[in-house]
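Please show the structure that the questions below refer to.

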Number of protein chains: 2
Amino acid sequence: MIISEMRLHPVAVADGPLRSSYGRHAPYALRTIVELKTTDGLTGISETYGGEGPLAALEGARGLIVGRDPFQLTDLWMSLAARAEQESRGDRSQTMLVPGENPLDVHTRTFAALEVACLDLIGKAVGKPLCDVVGGRARSKPPFSAYLFYKHGGGGGMGADAREDEYGECLDAKSMVRQARQMIAKYGFEEIKLKGGVLDPDEEIETIRQLRDEFGEKYPLRIDPNCAWSVETSVRVGRELKEELSGGGYLEDPTATMEGMAEVRRRLLAEGIDTPLASNVATTCFEHLPVARQLDAVQIVLSDPHYWGGIRAQQHLSKFAEVLRLGLSMHSNNHLGVSMMIMAHASAACPHLSYACDTHYPWQTEQDEVVLGGRVPIVNGCVEITDKPGLGVELDYDQLARGEERYRTLPYRKRDDEAEMQKHVDPNWKRILPRW
Amino acid sequence: MIISEMRLHPVAVADGPLRSSYGRHAPYALRTIVELKTTDGLTGISETYGGEGPLAALEGARGLIVGRDPFQLTDLWMSLAARAEQESRGDRSQTMLVPGENPLDVHTRTFAALEVACLDLIGKAVGKPLCDVVGGRARSKPPFSAYLFYKHGGGGGMGADAREDEYGECLDAKSMVRQARQMIAKYGFEEIKLKGGVLDPDEEIETIRQLRDEFGEKYPLRIDPNCAWSVETSVRVGRELKEELSGGGYLEDPTATMEGMAEVRRRLLAEGIDTPLASNVATTCFEHLPVARQLDAVQIVLSDPHYWGGIRAQQHLSKFAEVLRLGLSMHSNNHLGVSMMIMAHASAACPHLSYACDTHYPWQTEQDEVVLGGRVPIVNGCVEITDKPGLGVELDYDQLARGEERYRTLPYRKRDDEAEMQKHVDPNWKRILPRW
C-alpha cells in the first residue's frame with residue numbers, strides 16, 4: 001500500500017457571529033479536507049485548519065507524502081520536524097495567534113493532518129477503527145461539552161447564503177441560559193463551557209451563576225476568556241465563582257503568559273480556592289509542560305490532535321499529563337464531521353482524559369457537512385466510536401464541492417476576528433490584552 | 001481476530017559466570033517465552049523475565065488476555081495498572097532488586113510481555129513488521145554495544161551440560177581487552193560497555209584506559225558498576241576517566257539513589273567534567289523522569305521495553321526524554337532472540353535514541369536459541385529490521401522444548417547472583433553498597 005495521490009480541498013463552512021476576546025467569527029470558517037489515495041484503491045481522509053497558510057504547508061509536504069507507505073509515519077514526522085528545526089524556536093504560546101496560524105507549530109499541524117489520513121488508510125486496510133489501530137480504546141463514547149458563545153443574531157453565511165440559527169442573539173446572561181438549554185436538549189451534553197472575555201467580567205460572572213442556578217452541580221462549568229483578564233481580574237473572577245466552578249469545572253486561560261497564570265493560581269490558592277486553571281495558550285507543545293508543572297501555572301492541559309501533532313502525539317500527551325499530575329481536556333476550533341471523528345478517536349485512545357472535550361460542532365450545520373450521510377451524531381453528549389474502519393466516516397463529494405465553491409468565492413483566506421469586529425461592531429476595535 | 005489461548009514456556013538458558021556488583025551469574029538465566037494463539041490460526045510471540053514470579057504474574061493475567069482482540073491494548077493496560085494501583089506505590093528504584101524482580105513494576109512487565117505478543121499478532125495479521133505497526137521506523141538497523149563482563153572461566157551450563165565459551169576468564173584489564181577484541185571482531189559493535197563494580201575501581205579505571213588505547217576515540221566507552229561506588233569514588237572515577245568517557249561515552253549508575261547521582265553530577269561539573277550519567281536504577285518509571293531532570297541526577301535514561309511497559313511505552317519514553325532533554329539508551333538482561341527483536345523493534349520505532357543499546361546476546365549461544373533458523377544476526381553492531389511481519393522471528397519448538405526441559409530440572413526459580421557468589425567464590429559474600 002503506497003500513497004499515490006494527495007488531494008487537498010479547502011472549504012468554507014458557514015459560522016455564526018460568535019464572539020470571543022479575539023473578536024467576532026467571520027460568516028464562514030475555513031477548513032481543509034485532505035484525501036490520500038493509495039495504489040490499491042483506498043482513500044484516507046483528514047480535516048485540518050483552513051485558508052492559505054495551512055494549505056501551503058500541506059502542499060509543501062506533498063513530496064514527503066506521495067510515494068510513502070502510510071505505516072511509515074515516524075520518518076514523516078522526523079522529516080517535518082527537521083524542517084521546523086531550521087526555523088526559529090520562539091514563542092509557541094497562542095496568546096495573540098489563533099490556533100492554526102502560529103508559524104512555529106506548522107510542522108505539528110501538517111504532520112497531524114497527514115498522520116490522521118494515513119491512520120484512516122491503515123484502519124481501512126486492516127478493517128479496524130482508527131483508535132484501535134493506535135492501541136485500542138480507553139472508552140468507546142468520548143464525552144463532549146456544551147460550548148456556549150456570546151453571539152450576535154444569525155447563523156453565518158453571506159448574501160444569498162446568509163443563514164439563521166436556532167440560538168439567535170445571546171449577549172447577556174439570560175439569553176445564554178436559553179442557549180445552553182437548547183444545546184443540551186439537542187445534544188445531551190453534561191458539562192458546560194462558556195466562552196468569555198466578551199462582556200464585562202461582572203456580566204460573565206452573572207452568566208455563570210445563572211447557568212449554575214439553571215443546571216445545578218451535575219453540570220460542571222468552565223469559562224474561557226482567552227486571556228482577556230488581568231491577574232487581578234482573574235483572581236476576582238476566580239474568587240466570585242469559587243462555588244460555581246467547583247466540582248469538575250475550571251477556569252481556562254483567564255490571563256496571558258505562564259507567569260500570569262502561575263500568579264493567578266498562587267493567589268487563588270492563598271485564599272483557599274482550588275479551582276484548576278486550564279490552558280491551550282500557555283501550554284501548546286510538549287516543551288511547555290514541565291515548565292507549567294514547575295510553576296503550577298496550568299493544572300489542566302487542553303490538548304488538540306490538530307496542532308499537538310496528531311493522534312499518537314495526543315497519546316504521548318495523555319501519558320505526560322498523567323505523569324506530571326496534570327488534568328487533560330481538549331480544545332476545539334470550528335470543524336466538520338471529519339474532525340469530530342478525529343477528536344473522538346483521539347479521546348478514545350487516551351487512558352488519561354479527565355474532562356469532556358470541547359467541540360464547536362453545534363455551531364455548524366447539516367447544510368455544510370462533508371461527511372456522507374450527514375452530521376456525526378452526538379448522543380448524551382458523546383460521540384460513539386463504531387466498528388467502522390478508520391475514522392468511520394466517508395466524504396460526500398457533492399457536499400465537498402459545495403464547500404470548495406464557497407471557499408473560492410470568499411474574499412478572505414485566513415481567520416481574522418478583529419477585522420470582523422471592525423466591520424460589524426466598532427471600526428476602531430482592537431484586541432487588547434488584558435481588556436479588563 | 002480473538003486470542004483463544006496463551007501458552008507460557010519457562011526456559012533456562014546457559015549463561016557464563018559473569019560478574020557484577022550483584023554477584024555472579026548462575027549457570028542458567030531464566031526467561032519466559034509467551035505464545036498467544038488466535039481464533040484464526042495466528043500465533044504471536046514474546047519473551048520476558050523468567051522464573052516463578054514473572055510466570056505467576058502472566059498466569060494471573062490469563063483471564064484478561066484470553067478472549068481479547070489483540071488490538072485492544074489500552075484496555076488491557078488499564079486493567080493491569082488498576083491492579084497495581086491497589087498495591088503500594090513505594091520505591092521503584094532498582095538499587096537492590098534485579099530487573100524482573102521488583103514487585104512494584106510487575107504490571108508494566110506483564111503488560112509489556114503481552115503487548116509485544118499482541119503487536120506480533122497484529123503485524124502478522126496485516127503483513128507488517130512490528131515497528132511499522134506502531135508508527136514506522138526511525139531507523140532500520142538499530143545499533144547495539146559490546147557488553148563486556150569480568151567473568152570467571154567457562155560459558156554456563158551445569159553437569160553434563162556444562163559449556164565453555166570463547167572468552168575464558170576475564171578478571172583483569174588485559175583479558176578484558178581481549179574479550180572486547182573478540183566480541184567486536186564477531187559482531188562489529190562500535191560502542192563499548194564495561195560492566196564494572198567487580199574489581200577495585202583502580203583496576204576498572206585501568207581496564208577502561210586499556211580499552212581506549214586499543215580502540216581509540218571511534219569507540220565510545222561506558223562503564224556501569226551498578227551503584228557499587230560511593231559518591232566520593234564515583235567522582236574520582238569520573239575525574240580519572242574524564243577523557244576516556246568523553247565523545248559519546250557515559251558513566252552509568254556509579255552510585256545509588258537519585259540524590260547520590262545528583263551529587264556526583266554536581267561535583268563533576270564543578271570540576272569541568274561533563275561526562276553524562278546514565279541510569280536504569282534511579283530512573284525506572286515515568287514518574288522518576290521529572291525528578292531526575294530537576295535534580296540533574298540523570299542525563300541519559302536507560303529504557304527497556306521489558307519493564308517500562310512495552311513498545312508504545314518505549315515510544316512515550318523516547319518523547320519524554322526528548323522533551324526533558326535527556327539522552328536515551330537501552331538496558332538489557334540476558335535474553336534470547338525473541339527479546340533481541342523486541343529491543344530492535346523498540347529502538348527502530350523511537351525517533352529519539354541517542355546511543356547504541358545494550359544487549360547480553362553475545363553471552364548466549366546457538367545451542368539455547370529458541371528462534372527458528374538460529375540466532376538473530378548482529379552485523380556491524382546492528383540488528384536489521386527485515387520486511388518479515390511482526391517481530392520477524394518464529395519459534396523453534398524443539399529448541400523451546402529443550403529450554404523448558406532445562407528449566408524443569410533446575411533447582412532454582414529466580415535469579416540470585418549473591419547465592420552464586422557464596423557458592424563459588426566466597427561463602428560470606430554479600431552485596432554491599434557502596435562497596436568502594
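This is a predicted model: local features need pLDDT of at least 70, side-chain atom pairs count only at pLDDT 80 or more; totals for chains, interfaces and linings use all residues.

Author: Residues are numbered from 1 along each chain as its sequence is written, chains are lettered from A and ligands numbered from 1 in the order in which they are written, and side-chain values use heavy atoms, with hydrogens and water left out.

Reader: Which are the edge strands of the seven-strand open sheet in chain B?

Author: Strands are DSSP runs of E, at least two residues, and helices are runs of H or I, at least four residues, numbered from the N terminus. Two strands pair if DSSP finds at least two bridges between them. The order is E6-E7-E8-E9-E10-E11-E12, with parallel pairing. Pairing on one side only marks the edge strands, E6 (146–149) and E12 (327–330) of chain B.

Reader: What angle does the direction of helix H12 of chain B make with that of E12(B)?

Author: Helix H12 (residues 311–323) packs on this sheet, touching E11 (300–303) and E12 of chain B; contact means heavy atoms within 4.5 Å. Axes are lines fitted to C-alpha atoms, for helices over the stretch in contact, and angles run from 0 to 180 degrees between N-to-C directions. The angle between H12 and E12(B) is about 150 degrees.

Reader: How many bridges join E1(B) to strand E4 of chain B?

Author: Both belong to an open sheet with the order E1-E4-E5 and antiparallel pairing. In E4(B), B:Ala29 is the bridge partner of B:Val13. The number of bridges joining E1(B) to E4 (residues 28–38) is eleven.
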